Amino acid sequence: MTTISLRIEFGGGLELLFSNEKRHTLTLPSMVSSDNNSKTSADALSGVNTKPADVEYLVFYLRDHLLQERPELFMESNTVRPGILVLINDTDWELEGEGEYVLQNNDEIVFISTLHGG
Amino acid sequence: MPPKTCALCENAKAILKRPKTGQQICKDCFFYVFETEVHNTITQANLFARGDRVAIGASGGKDSTVLAYVLKTLNERYHYGLHLFLLSIDEGITGYRDDSLETVKRNQQQYDMPLKILSYDELYGWTMDRIVSQIGKKNNCTFCGVFRRQALDRGAAALNVDHIVTGHNADDIAETVLMNIMRGDIARLGRCTSIVTQGEDTIKRSKPFKYAYEKEIVMYAYFKKLDYFSTECIYSPDAYRGHARTFLKDLEAARPSAIIDIIHSGEAFEIREEIKATQKIQQTCKRCGYMSSNDLCKACTLLEGLERGMASSGITDRARKKLDAEGPLPENLRTIPFYQPPSGNPNPTITIGS
């Protein structure tokens with residue numbers, strides 16, 4: 001099974017939901033379940049539809065594996081909650097296809113909340 | 001997907017999609033257009049005059065940190081000739097404001113601006129920690145909001161500045177428009193979209209980020225690697241504003257121009273004369289000299305309630321009547337020092353000890 005390695009960064013207060021750690025590294029399988037179920041084991045994948053790991057899947061993965069509290073502050077209707085900015089290798093994800101962006105090895109994905117007081 | 005090219009310089013790789021225009025632009029063009037739009041806002045509204053002493057209301061959060069950085073940049077680039085100060089209010093919230101004030105102290109060094117910190121404890125004799133321990137989390141935002149507004153004016157008077165600028169951005173203003181509509185608060189609806197507000201004896205206030213989207217402020221801070229503090233206040237957040245905010249963010253996700261459109265709607269409302277006539281006339285507080293629409297200003301009313309252990313008296317009319325029925329103000333009650341507007345203002349300067 002091939003895997004991809006990612007660097008994840010949380011900012012703007014979002015790190016508070018992730019053990020108060022701003023930086024994380026993680027490894028994902030390069031092919032994942034199409035239904036974004038991040039708990040499907042690699043062996044079980046042969047029986048289900050698969051897709052290349054994309055940002056949409058990453059958001060589910062982060063919620064199910066790294067997030068410690070209040071998932072509703074991170075996710076809403078299968079994507080990040082409105083008001084959270086996402087950067088893929090320092091580029092606004094709106095220019096990269098948002099959730100459909102297919103993750104590459106060594107990508108850096110940044111999530112920043114804009115919802116905290118100024 | 002191949003990298004997209006900047007719509008402005010047609011050269012570098014685009015890194016941001018502008019919410020206002022949908023344009024895809026590169027990092028350098030983004031810095032330039034963001035700063036230039038703030039400059040245009042400032043010049044079109046004639047916010048400043050050469051030599052003005054300007055206090056930046058600084059919380060250590062993203063908006064005021066970006067505002068301090070951008071104003072310093074524009075002051076140098078366009079020779080505004082402003083004397084800039086940082087003014088912070090310490091509400092006395094352990095684990096929240098004490099940390100964010102550390103950020104402001106670093107900003108003081110980074111931006112080379114004088115910093116003044118005024119605390120609720122010093123001005124009112126109460127920290128928010130102590131207020132919450134007496135009244136609980138419900139309504140504590142009322143105290144904090146009323147106290148902060150007056151503290152900013154008093155801090156600015158102490159700095160002898162002509163003008164206070166705050167980091168309120170387009171999203172904040174759109175939220176406030178929605179809240180004022182939902183509450184039927186016609187007086188505030190009329191005022192909340194103004195870029196400048198000034199009463200007769202209050203210090204001029206303005207919002208240079210009135211047209212700046214929160215997304216761009218956060219992106220600017222991120223790409224400039226600015227040092228800001230982002231933690232939610234540990235006491236109950238303003239629930240009503242929270243709903244307005246979530247609603248606005250949902251609208252923005254569907255159509256990014258929603259924010260500027262709501263501000264435009266707020267500006268376009270016209271208040272009928274007969275409605276205006278029912279609004280209260282501004283006077284000065286009989287106890288502390290601060291502007292007020294009643295004999296006592298809101299801060300003095302709230303403070304008296306706290307001091308007498310009847311904190312809700314500042315919040316509802318019924319509780320106020322009950323307080324009045326308790327008899328006259330006891331002696332040695334903590335009061336707010338008499339307000340001294342900045343020099344050039346003919347009001348008397350009397351100091352009443354606490």
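Two strands count as paired if DSSP finds at least two bridges between them, and strands themselves are DSSP runs (E) of at least two residues, while helices are runs (H or I) of at least four, all numbered from the N terminus. What you're looking at is a predicted model, where local features need pLDDT of at least 70, side-chain atom pairs count only at pLDDT 80 or more, and totals for chains, interfaces and linings use all residues. Residues are numbered from 1 along each chain as its sequence is written, with chains lettered from A and ligands numbered from 1 in the order in which they are written.

**View 1. Strands E4 and E5 of chain B run side by side.** Strand E4 (residues 83–90) of chain B is parallel to E5(B), and five bridges join them. Look for B:Leu87, which sits opposite B:Lys116 in E5(B). Helix H3 (residues 97–111) of chain B packs on the sheet here and touches E4 and E5 of chain B, its direction making about 165° with that of E4(B). (Touching, or contact, means C-beta atoms, placed from the backbone, within 7 Å; axes are lines fitted to C-alpha atoms, for helices over the stretch in contact, and angles run from 0 to 180 degrees between N-to-C directions.)

**View 2. Six strands make an open sheet in chain B.** Pairing is mixed, and the order is E5-E4-E3-E6-E8-E7. Strand E5 (115–119) and strand E7 (196–197) of chain B are the edges: each has a single partner strand, so one side of each has no neighbour in the sheet.

View 3. The assignment, which is automatic or from a database, gives domain 1 (28–276) and domain 2 (283–325) of chain B. Domain 1 of chain B brings 14 residues to the contact and domain 2 of chain B brings nine. On the domain 1 side, H6(B) gives the most, with five residues.

**View 4. E7(A) has antiparallel partners.** Five bridges pair E7(A) with strand E9 (residues 108–113) of chain A, where A:Val110 is the bridge partner of A:Leu87. E7(A) also pairs over two bridges with strand E8 (residues 91–92) of chain A.

How values were computed. Two residues are in contact if their C-beta atoms, placed from the backbone, lie within 7 Å.
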